[in-house]
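Here is a short briefing to read alongside the structure. Topics are grouped for quick reference.

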Amino acid sequence: MNISFRWLARHVDLDGLTPADVANDLTIHTAEVEGVEPFAPHLADVVVGHVVERERHPDADKLNLCRVDIGPAGSGELLQIVCGAPNVDRGQRVAVARIGTRLPGGIKLKKSKIRGVESQGMICSLRELELGDDHSGIWVLPDDVTLGVDVSTACGLDDHVIEIDNKSLTHRPDLWGHRGIAGEIAALRGRKLRPLDFGLPKTKGGDPYPVRIETEGCSRYIGLAIDGLKNGAAPAWMRHLLLAVGQRPIDLCVDLSNFVMLDLGQPNHLFDRRRLSPEGIVVRDAHEGETMATLDEVERRLGPEDMLITSGGEAVAIAGVMGGEASKVTADTTELLLEVASFHPTTVRRTSARIGLRTDASARFEKSLDPTLPAKAAAHLVNLLREIQPDVSFPRPPGDVGSWKDPACKVTLRPERVRAILGADIPDDDVATKLESLGFGVKRAKASWTVSVPSARATKDVGIEEDLIEEVGRLYGYGEIDERVLQADIVPPPRDDRRALVRTLQDRLSGAALYHEAMTHTFHSDELLAALKLADEPHLEVRNPVIEGYRSIRRSVLPSLVSLLAHNRRQRAEFRLYEIGKGYRPETANEAGEPREVHELALVHGRAADERKGTFPDGLFHHMQALVADLVACADRAMPAWERGGSDEAPSVFHPGKWIVAKGRDGEVLARVGELEPGLARDLGLEGELASEVALAEVSLDALLVAEAQPLVYRPIARFPAVKVDVAVAIAENVSAGDVAAAIEGAGKGLVDRLDLFDLYRGENLGAGRKSLAYHVSLQAADKTLGEKEIQKFLGRVERAFERLGGELRRDTAPPTG
Amino acid sequence: MKAEDLDRLQAEACDAVRAGATKDELRRIEREHLGKGGVVADILASIPSLEPAERRAVGQGANRLKQAILAAIEARENELDAEALAAERKAEGFDASLPPPALERGALHPVTRVTRELEDIFTSMGYRVLDGPEVELDYYNFEALNIPKDHPAREMYDTFWCGEGENLLLRTHTSPVQIRALQKLEPPFRAIVPGRCFRNETVDASHEHTFHQMEGLVVGEDITVGHLIGTMKTFLRELFQRDLEVRLRPGYFPFVEPGFELDARCPFCEQGCSVCKRTTWIELCPCGMVHPAVLRHGGVDPERYTGFAFGLGLSRLVMLRYRIDDIRQIMAGDVRFLEQFA
Ligand SMILES: [Zn+2]
């Protein structure tokens with residue numbers, strides 16, 4: 001909301017205060033100020049000129065050649081200006097833009113020749129200065145303005161605008177007008193608000209104007225008939241104040257209505273009474289499908305949850321939102337109906353949200369306006385109108401109907417509690433004066449006071465003791481409160497296993513494992529779900545996505561990282577990313593309706609297809625498998641056995657033939673490792689130059705937390721040297737490396753200290769369907785150095801163990817590599 | 001063999017040793033003179049054919065020759081070692097100006113880095129770290145926070161609504177965990193809640209629909225506004241490692257009363273800069289005294305206990321800390337961004 005400094009001065013003496021002072025007062029004590037701007041800076045270079053001569057342009061009938069005196073702003077010589085306006089004439093005071101002046105819109109005025117005659121400036125219209133819509137001619141200033149002065153100063157347009165964040169006024173309907181803000185300044189500066197006449201003028205006798213309320217959404221409606229109006233321009237002072245706060249002046253009726261709303265915070269409406277039925281006004285709910293054209297010339301379709309102002313059965317306004325086109329005031333309107341009402345905040349808010357029409361009026365009604373305010377606002381408007389047009393008359397008493405009650409209330413306040421909450425030693429007297437300066441009534445008793453809350457503050461804002469404490473605190477100034485240190489017994493906060501686990505994993509991954517931690521959006525796009533073949537899984541959806549199609553809330557974290565593969569592969573030949581995050585499973589919601597939350601670690605490792613290093617086994621799949629096992633160990637948990645994943649149960653992002661799974665004690669999946677599904681890789685664009693090898697993994701932190709504990713325990717360093725032996729087996733393809741390793745370990749009878757696979761070989765010499773696996777074996781006894789005899793015994797046991805697997809020990813160790 | 005022949009042989013051998021340029025050459029000379037079939041061996045082999053009177057002198061001469069050659073070799077070896085060391089110390093060909101290779105490193109996300117820093121500061125002051133769901137019930141996100149249905153303050157939170165009914169949403173702040181904490185924990189307690197939050201906002205360089213916040217909640221007997229100010233000053237002192245002036249000004253949030261906006265003096269300038277929009281103040285966090293209705297929703301008696309709460313903008317602190325000028329990068333998962341935080 002924009003607050004004009006000059007406008008404030010109509011309500012409170014601002015002597016000695018700058019706009020910055022006022023803005024600072026409001027910032028520290030009242031609301032959020034977004035900025036202070038001088039008004040009409042674009043007028044600073046436009047000066048008052050006097051048209052000394054006007055003659056016809058020698059070569060153009062419709063152009064005038066003017067000689068203009070701009071007094072001290074000029075060089076002493078008259079300016080020669082070509083002007084096309086029909087209303088320019090000798091003796092006028094006009095607004096002159098000189099060469100070099102920047103006009104609204106940023107155009108800099110240059111010296112020019114118009115039809116062969118040099119023009120040394122421009123005589124401006126209101127529209128050219130963004131002061132109005134009038135472009136029928138130049139702006140003719142009053143005769144008494146000083147020559148050469150900038151027009152904003154000369155015409156009283158120089159002002160400052162304080163912009164206040166509307167959000168910070170959500171709870172203060174009383175501050176949605178200049179008088180409310182002025183009241184804050186008055187309280188802060190110990191000044192008095194200037195009195196306003198809130199008495200309605202005398203009306204003719206007879207029946208009040210007929211108004212009937214047929215809905216609960218309207219608690220008060222004042223209808224006042226006004227005769228004898230001559231519509232036209234509002235007075236300059238009013239137009240200038242409206243301009244300053246960003247309201248474009250239209251005509252007297254519209255400007256007056258807006259002015260009163262921006263002055264007191266009470267929206268109101270002026271109807272052309274000739275367009276209303278003599279039966280008056282009925283406020284009712286709309287019928288299903290009822291339509292009306294609003295002032296913005298849009299046809300609106302309404303329903304029973306919307307409230308209408310009607311006359312003779314026809315809708316003439318959407319209550320609290322906008323008036324109707326058919327009953328709007330026009331240039332020849334002479335008979336008015338003034339509407340000032342109290343509408344139910346929720347009804348107005350819902351209608352305005354539903355039809356997508358937020359207006360200055362609806363924004364105010366939403367905030368629970370004071371129901372005593374309509375009578376004051378009606379009087380204020382009428383009194384202003386009578387100052388401008390003393391001849392207006394009031395043919396009958398106003399209709400003032402509705403059932404409302406004054407919200408003014410009493411709240412108990414314990415001054416001791418004020419001091420206890422604020423932590424400031426504010427004396428009783430100060431507590432009382434602060435409240436009184438804001439219009440509260442204070443009845444002091446010993447420990448428990450009775451504070452009367454004025455109507456304007458009682459609608460929503462002030463209802464309990466804490467609200468009053470805030471009033472005292474903000475007036476006292478929070479900056480006056482001394483800082484204090486919290487006191488408590490020194491005990492460490494309880495251990496949080498989940499948080500500790502997350503830190504452990506992050507440290508390992510971002511440290512030794514050389515992974516980058518990512519954070520990605522919770523939303524999955526329809527496109528991604530389709531590409532990943534996840535669209536059939538149940539996803540919780542947001543109804544109002546930021547971007548159409550980004551509606552699904554992820555079930556798992558891994559697809560988010562998969563969606564980033566191609567982009568990151570374009571940047572780097574190799575990358576490793578992980579994310580620890582949450583997914584939501586709507587099919588298993590609890591009684592309250594909360595979907596099951598899963599906490600996961602997702603990992604991706606991608607590299608250009610030709611980036612394989614020479615070591616073995618060098619596939620990213622195996623790296624990933626090793627990494628996940630390492631993470632589990634890092635978390636002090638036992639790594640369950642890996643199982644080969646079945647091709648028909650492979651999660652859709654995994655290669656159906658290249659994935660493995662490890663399950664926790666209760667059969668829940670602890671981790672999956674696999675390569676990227678090859679078709680998906682192509683769909684994601686990982687082909688051609690971007691052809692990549694990609695390994696993926698997901699680890700359930702929920703399962704990891706309940707997995708069998710296996711704390712790290714020190715193993716004594718061997719006192720005797722280890723013996724190294726190489727062992728190779730030729731064996732059928734379908735025998736797993738795990739079985740071979742188990743056979744070697746079994747044959748070692750506890751002597752196998754380390755076992756490293758270093759080669760996998762297939763070749764004609766082995767025969768079809770067979771492979772060779774070669775291992776470095778380190779044998780270690782706790783009590784002696786192993787000799788040749790023990791080694792030969794071991795190899796013998798290995799040979800027999802291999803035979804049981806259908807394989808044979810290859811005596812030619814150091815086998816050929818493929 | 002005459003004594004002068006031996007002297008000549010010794011002089012020749014020692015000259016050869018002194019001229020030896022490598023240890024290999026010295027070994028060769030040693031072999032030729034002292035090895036099998038070498039000069040000394042030949043002399044010794046000739047002794048039996050000599051006159052007995054000569055034998056002793058020739059034998060002694062051959063031994064002297066051997067000792068002299070060995071001594072010469074050792075001396076020359078020491079010389080060669082010293083030369084080699086001296087040459088190595090000269091470090092010829094070493095170019096300290098060559099660029100070192102790029103290290104491969106992993107990185108924590110900047111949000112994690114700052115979250116950890118804040119967690120460490122607050123846990124050192126006795127706070128526990130809590131967590132809460134991102135998909136939240138209307139009750140916790142609004143209702144129990146004193147923002148009933150149709151409350152105009154709901155307009156301030158551009159909410160993502162989930163599923164069919166009016167029940168589920170993506171939490172718009174970390175504040176719902178205030179209620180969950182009050183229901184679960186026995187006062188007095190202190191807690192912080194870092195986490196992601198959501199607002200339905202159009203995304204640009206300074207707006208994201210997903211951002212990170214850190215809630216703080218302290219409940220106990222005799223907790224005052226003064227404690228809130230003291231806490232925030234202490235926290236800022238730890239975070240920026242210097243004293244920063246703070247100010248509280250009124251702010252409206254239905255779940256606190258009184259409610260504040262807390263500003264800190266801009267740590268980057270003295271006279272105003274682009275970070276503080278030339279005001280020298282940085283808007284740091286909304287905060288306030290926990291509203292009695294919120295305490296009651298959490299099952300806590302507001303006459304016995306009071307408390308304060310604050311909501312730090314984690315994403316904003318991250319951007320301030322690392323001078324990130326585009327908030328969209330935080331959630332974009334772009335390796336070129338992430339790798340900078342190694
Ligand atoms: Zn600054």
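How are the donor residues of the zinc ion spaced in sequence? The pattern is C-x2-C-x3-C-x2-C. The model is predicted. In it, chain A and chain B bury about 7,200 Å² between them, and the zinc ion takes its protein donors from chain B.

**Zinc site**
- Four cysteines supply the protein donors: B:Cys266, B:Cys269, B:Cys273 and B:Cys276, each through SG.
- These donors lie 2.2 to 2.3 Å from the zinc ion.
- The site is tetrahedral, with angles of 103 to 114 degrees among its four donor atoms.
- For comparison, the ideal angle for four tetrahedral donors is 109.5 degrees.

**Interface of chain A and chain B: extent**
- The size of an interface is often given as the accessible area lost when the parts come together.
- Here that area is about 7,200 Å², and 53% of it is on carbon and sulfur atoms.
- On the chain A side, A:Leu486, A:Met519 and A:Arg543 lose the most area to chain B.
- Together these three account for 11% of what that side buries.
- In terms of contacts, 80 residues of chain A meet 87 residues of chain B.

**Interface of chain A and chain B: polar and charged pairs**
- There are 46 residue pairs in polar contact between chain A and chain B, counting pairs with both residues at pLDDT 80 or more.
- Strand β30 (residues 574-585) of chain A gives the most to the side that touches chain B, with seven residues.
- By class, that side of chain A has 29 nonpolar, 21 polar and 30 charged residues.
- Side chains of opposite charge can pair when their charged atoms come close.
- Across this interface there are 17 salt bridges.
- One salt bridge joins A:Arg499 and B:Glu119, with the closest N and O atoms 3.0 Å apart.
- The whole structure has 86 salt bridges over all chains.
- B:Arg249 and A:Glu32 also form a salt bridge, at 3.3 Å from N to O.
- That pair crosses between chains: B:Arg249 is in strand β7 (residues 246-250) of chain B, while A:Glu32 is in the loop between α2 (19-29) and β2 (33-39) of chain A.

**Backbone points to check by eye**
- Most residues other than glycine have a negative phi, and most peptide bonds are trans.
- The peptide bond from B:Pro187 to B:Pro188 is cis, with omega near 0 degrees.
- B:Pro188 sits in the loop between α7 (176-184) and β5 (189-198) of chain B.
- B:Glu257 and B:Pro258 are also joined by a cis peptide bond, with omega about -5 degrees.
- B:Pro258 belongs to strand β8 (residues 256-265) of chain B.
- A:Ser368 is not a glycine, yet has a positive phi of about 65 degrees.
- A:Ser368 lies in the loop between α8 (360-365) and α9 (373-388) of chain A.

Methods: Residues numbered from 1 in each chain as written. Chains lettered and ligands numbered in written order. Predicted model: local features only at pLDDT ≥ 70, side-chain atom pairs only at ≥ 80, totals over all residues. Heavy atoms only, no water. Contact = heavy atoms within 4.5 Å. Buried area = accessible area lost by both parts, 1.4 Å probe. Salt bridge = Lys/Arg side-chain N within 4 Å of Asp/Glu carboxyl O. Polar contact = N/O pair within 3.5 Å; in protein donor to acceptor, adjacent residues only side chain to side chain. Helix = DSSP H or I, 4+ residues; strand = E, 2+ residues; numbered from the N terminus. Nonpolar A, V, L, I, M, F, W, Y, C, P; charged D, E, K, R; others polar. Donors = N, O, S within 2.8 Å, 3.2 Å for Na, K, Ca; no water. Tetrahedral: all angles 85-135°; square planar, octahedral: opposite > 155°, others 65-115°.
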